[in-house]
Amino acid sequence: MKHKILVAFYSKAGENYNVGNVETGNTEIMAQNIAELVAGDLFKIEPITLYPDNYEKATIIAKEELITNKRPEIKNTITNFEDYDIIFLGYPIWWGTYPMIINTFMESYNFNGKTIIPFNTHEGSGLANTYQEIRQKLGNCKVLNGLAINGKAARNSFSKETIKNWLMNLNIN
Ligand SMILES: Cc1cc2nc3c(=O)[nH]c(=O)nc-3n(C[C@H](O)[C@H](O)[C@H](O)COP(=O)(O)O)c2cc1C
């Protein structure tokens, strides 16, 4: 069977740790590479309320959202979500976990029976406990082990090779 693949991600442009002020976020670049290599559809999770460009200010808001278990609202929707059987789910690590908008996303659709493949960028935390957290949240899904890349390195063309090797080992096609 030919899989129908979605590559959904959240990524913040603007000022970020170690990369200066960027027009395209690190996770977005990783997502673009994955989508191209697996011929998947890209979906960028867009918050209704944008985070400040300024890194320090964004970290303060993100921490507040984590502490209050907030569900930031998402502006855009996927109309044919049921068509996808494999979903790559991408995010940066924020305060040791995925951004709270990923919770909003996971609560917005019926994920039953889907295969989830997480991917993320970070600046030291690796994948943190995110696969475990996603498995807990999406009980009726198969959540594979994903790929975590350093945020700055994700912008480097070598990271595409890393992604290619990882995808080959996943054996999804
Ligand atoms: C609000 C915020 C919190 C962050 N917290 C962490 C963290 O706990 N651990 C870590 O390794 N990196 C942390 N970072 C760095 C990001 O994970 C890293 O820069 C990532 O590549 C950003 O991806 P993006 O450009 O797709 O948003 C944080 C960045 C921001 C903006």
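A: **Helix α6 and its surroundings**

Helix α6 covers residues 158-170 and holds 13 residues; the distance from its first C-alpha to its last is 19 Å, close to the 18 Å expected at 1.5 Å a residue. The model is a predicted one. Just after α6 comes Asn-171, with a positive phi of about 60°, although Asn-171 is not a glycine. Asn-171 belongs to the segment after α6, and it counts as exposed because it has 6 C-beta neighbours inside 10 Å, where the limit for exposed is 12 or fewer.

Leu-170 is part of helix α6. It has 17 C-beta neighbours inside 10 Å and therefore counts as partly exposed. Apart from neighbours within four places in sequence, Leu-170 is in contact with Ile-117 and Leu-144. Its C-alpha atom is 9.0 Å from that of Asn-145, a residue 25 residues away along the chain.

Another residue of interest here is Met-30. Leaving out residues up to four places away in sequence, Met-30 touches Gly-90, Phe-119, Thr-121, Ile-149, Ala-154 and Ile-163. Met-30 is also one of the residues that touch the most other members of the largest nonpolar core, along with Leu-6, Val-7, Ala-8, Ile-34, Ile-87 and Phe-88; this core has 34 residues. At least two residues of the core come from each of β1 (5-9), α1, β5 (86-92), α3 (100-106), β6 and β8 (147-150). The most, six residues, come from α1.

Five of its five residues are buried, so β1 is largely enclosed by the rest of the structure. In a regular strand, side chains alternate between the two faces of the sheet. In β1, Ile-5, Val-7 and Phe-9 point one way, Leu-6 and Ala-8 point the other way, and all are buried. β1 runs parallel to β5, and five bridges join the two; Leu-6 stands opposite Ile-87 of β5. β1 also pairs in the parallel sense with β4 (residues 41-44), over four bridges. There, Val-7 has Leu-42 as its bridge partner.

The next topic is the ligand. Its surroundings consist of 23 residues, and the closest are Ser-11, Gly-25, Thr-27, Pro-92 and Gly-151. Two or more residues of this shell come from each of α1 (26-38), α2 (55-67) and β6 (115-122). The largest share, four residues, is that of α2. By type, the shell has eight nonpolar, twelve polar and three charged residues.

After α2 comes Asn-69, which has a positive phi near 55°.

A positive phi occurs at Ala-128 as well, about 55°, although Ala-128 is not a glycine. Ala-128 sits in the loop between β6 and α4 (130-137). It is partly exposed because 18 other C-beta atoms lie within 10 Å, and a buried residue would need 20 or more.

Technical notes:
Residues are numbered from 1 along each chain as its sequence is written. This is a predicted model: local features need pLDDT of at least 70, side-chain atom pairs count only at pLDDT 80 or more; totals for chains, interfaces and linings use all residues. A residue is near a molecule or strand if its C-beta atom, placed from the backbone, lies within 6 Å of it. Ala, Val, Leu, Ile, Met, Phe, Trp, Tyr, Cys and Pro count as nonpolar, Asp, Glu, Lys and Arg as charged, and the others, Gly among them, as polar. A nonpolar core is a set of buried Ala, Val, Leu, Ile, Met, Phe, Trp, Tyr and Cys residues joined through C-beta atoms within 7 Å. Two residues are in contact if their C-beta atoms, placed from the backbone, lie within 7 Å. The expected span of a helix is 1.5 Å times one less than its number of residues. Two strands pair if DSSP finds at least two bridges between them.
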